[in-house]
Amino acid sequence: MDNSRIRVLLVDDDEDDYILTSNWFGEFQVASCELEWIDNYAAAKAAIAHKNHDIYLVDYRLGIHNGLELLREAIADGCSAPIILLTGQGDREIDLEAMKAGAADYLEKNQLAQVGAPLLERSIRYAIERKQTEQKIREQAALLDVATDAIFVRDLDEQILYWNKAAERLYGCKQEEAIGKKTQELWQENNLSQLQEALQLLMKNGSWEGELHQKTKSHKEITIESRWTLVQFGKKLQCILIVNTDITQKKQLEAQFLRAQRLESIGTLASGIAHDLNNVLAPILMTAQLLETQIPDERSRRLLPILITNAKRGANLVKQVLSFTRGVQGERTLLQLKHLVREIQQIVKETFPKSIEVSTKISPNLGTVSGDVTQLHQVLMNLCVNARDAMPNGGKLKISLENLLIDENYAKMNLDATVGPYIVINVSDTGVGIRPEILERIFEPFFTTKELGKGTGLGLSTVLGIVKSHGGFINVYSEEGRGSQFKIYLPAQEATETIEETEPELPQGNGELILVVDDEAAIRDITKTSLENHNYKTITASDGIEAIALYAEHRDKISLVVTDMVMPSMDGITTIRTLQKINPNVKIIAVSGLATNDKVNAAYEIGIKAFLSKPYTTNQLLQTINTVTNKN
């Protein structure tokens with residue numbers, strides 16, 4: 001306490017107490033105080049509002065009112081000067097309530113009667129020092145208003161003493177609103193037990209840092225990196241200096257990255273399984289189609305469609321797995337998505353329950369995308385079917401299309417986005433929504449919340465794979481009980497759409513010799529039989545080494561080579577390059593049970609004429625051969 005005069009206001013309805021207090025003030029050793037006296041609640045409230053005093057001594061008993069009420073009203077009205085409450089003997093509960101309400105100190109009158117001036121002077125000294133300390137904290141902390149981190153000071157009762165500009169931005173609360181408030185009035189902690197542990201460690205070690213999850217008054221969920229430091233002033237006053245960094249966006253990006261890694265690992269496993277399954281399904285499908293033309297028994301012929309249908313179902317299931325691995329090659333054309341959306345809308349209206357209201361919204365001057373119309377049709381149908389299943393009692397299904405120009409700021413917030421124009425497909429419903437713990441897993445293959453037999457769990461993983469193979473990405477927004485919204489972002493193209501041409505009828509062969517290379521005996525045999533049934537001649541090889549030997553022997557007679565890409569001893573790429581050394585003009589169709597973009601691109605780069613994904617039908621094989629052999 002310095003030697004300047006301190007203006008003190010005593011609020012007490014007993015004149016004898018005023019005279020006694022005035023005498024004690026005359027005995028102060030260090031500083032001189034200027035004491036004024038008011039004997040009623042209303043006058044005291046008016047005097048405090050004028051803020052003409054440095055400290056207030058308030059008696060608890062003030063007629064029909066009490067000093068605790070006056071204390072609370074004064075602090076609520078913005079009084080920053082210290083208030084010391086004077087209480088009677090043994091009023092411990094009142095003393096505690098006073099400190100919680102914001103009193104700088106409390107004094108019991110029976111102790112004052114015994115000790116007198118020294119006790120009163122010590123209390124006033126402490127109150128003034130506390131005020132000066134808090135002011136110093138405010139002055140020093142004001143320099144931190146330029147910081148991007150939320151910085152604030154609170155006492156051990158969670159009352160805010162200082163609040164910087166970044167804290168205003170983070171929590172949406174102005175400084176004048178925050179000062180004096182409890183922290184729980186400004187935001188909600190998602191884990192209160194963690195907060196208690198943090199406080200215990202702080203009191204033990206003097207500091208703490210960790211990650212907190214909070215919800216602001218505007219119901220915004222934020223993740224905070226928080227650093228606490230215990231600040232000690234004298235023997236009584238302790239405060240906590242807190243620096244909070246908003247890492248919500250960083251955590252979202254980390255979650256995207258980890259999910260991408262997890263899906264990539266699952267995709268690698270799925271790719272291997274899909275490759276083997278395709279090699280099993282290919283001969284089954286081609287054999288069944290061949291038997292349809294050769295079995296005379298009508299009863300047996302009726303069973304073949306069942307075999308063909310289920311083989312195709314298996315092939316489609318595998319194709320979905322391959323789509324998930326982000327690399328299924330499809331026929332890409334420039335197309336307008338509005339035609340696709342209108343087609344989907346028509347299908348939905350005709351097949352979905354009448355309780356589901358379907359609407360579309362298409363922005364004018366919509367750009368085009370480069371894509372496989374069949375795959376994008378599958379994306380939209382999968383999302384619409386999921387929306388239907390999420391609305392068992394009816395609701396609204398909305399599909400919209402719009403242009404979007406993604407800038408650098410948006411691209412930084414999404415790992416898969418790049419700067420440039422996009423077309424956004426928005427499929428939203430008013431269904432049951434997706435629980436947060438489920439939302440993280442919805443794109444995993446074979447993960448489903450549907451009953452057994454009602455879903456394979458491949459729908460959304462297929463959607464993700466197709467979208468990524470088109471250079472796009474997906475954002476999902478869902479709230480339990482309030483519906484879901486899937487936004488598909490596809491890169492826009494600066495070109496007009498391509499008009500698809502109808503396929504010509506398949507011609508028969510003219511006795512051309514075709515070399516079929518595959519390490520699977522069943523595939524070699526059925527391919528040979530199918531081709532020979534359509535007026536082609538064939539020879540087969542079980543690997544690349546045998547294929548090279550046969551081609552060298554029959555080079556002048558072989559019109560075309562159909563070779564698998566994954567074989568033992570010598571793989572497809574090496575086989576193709578060796579054949580090209582023998583004959584640079586050799587015509588080659590590459591086939592594979594794992595038709596990733598990388599594999600397809602690598603094959604085209606070394607000069608193949610066409611690519612087929614296993615399992616393929618006889619018609620697909622014949623059409624491809626016809627196209628390749630008729631090319632100059």
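The model is predicted. The chain has 632 residues, and 47% of them count as buried. Its secondary structure consists of 21 helices and 25 strands.

**Chain as a whole**

- The chain exposes about 32800 Å², and 49% of this area comes from carbon and sulfur atoms.
- When contacts between residues at least 6 apart in sequence are taken, 65% of them join residues at least 24 apart.

**Largest nonpolar core**

- The largest nonpolar core has 39 residues.
- Leu337 and Leu397 are the residues with the most contacts inside this core.
- Helices 12 (337–351), 13 (373–389) and 16 (459–469) are among the elements that each give two or more residues to the core.
- Strands 15 (356–362), 17 (395–406), 18 (420–429) and 20 (484–493) also give two or more residues each.
- Helix 13 gives the most to this core, with 7 residues.
- Leaving aside residues up to four places away in sequence, Leu337 touches Val369, Leu376, Leu401, Ile423, Ile425 and Leu490.

**Second core**

- A separate, second core has 25 residues.
- Leu515, Ile539, Ile573 and Ala603 are among the residues of this second core.

- Strand 21 runs parallel to strand 22 (residues 537–541), and 5 bridges join the two.

**Nonpolar patch on the surface**

- Val280, Ile284 and Leu307 form a nonpolar patch on the surface.
- Together these residues have about 230 Å² of accessible area.
- Ile284 lies in helix 10, which spans residues 248–294.
- Ile284 counts as partly exposed because its relative accessibility is 33%, and the partly exposed class lies between the buried limit of under 20% and the exposed limit of over 50%.

Definitions and conventions
Residues numbered from 1 in each chain as written. Predicted model: local features only at pLDDT ≥ 70, side-chain atom pairs only at ≥ 80, totals over all residues. Heavy atoms only, no water. Core = buried A, V, L, I, M, F, W, Y, C linked by side-chain atoms within 4.5 Å. Buried < 20%, exposed > 50% of the residue type's maximum accessible area, 1.4 Å probe, protein only. Helix = DSSP H or I, 4+ residues; strand = E, 2+ residues; numbered from the N terminus. Contact = heavy atoms within 4.5 Å. Patch = residues over 30% accessible without salt bridge, like charges linked within 9 Å, V, L, I, M, F, W, Y side chains within 5 Å. Areas by Shrake-Rupley, 256 points an atom, 1.4 Å probe, with all protein chains shown as cover. Salt bridge = Lys/Arg side-chain N within 4 Å of Asp/Glu carboxyl O. Pairing = 2+ DSSP bridges.
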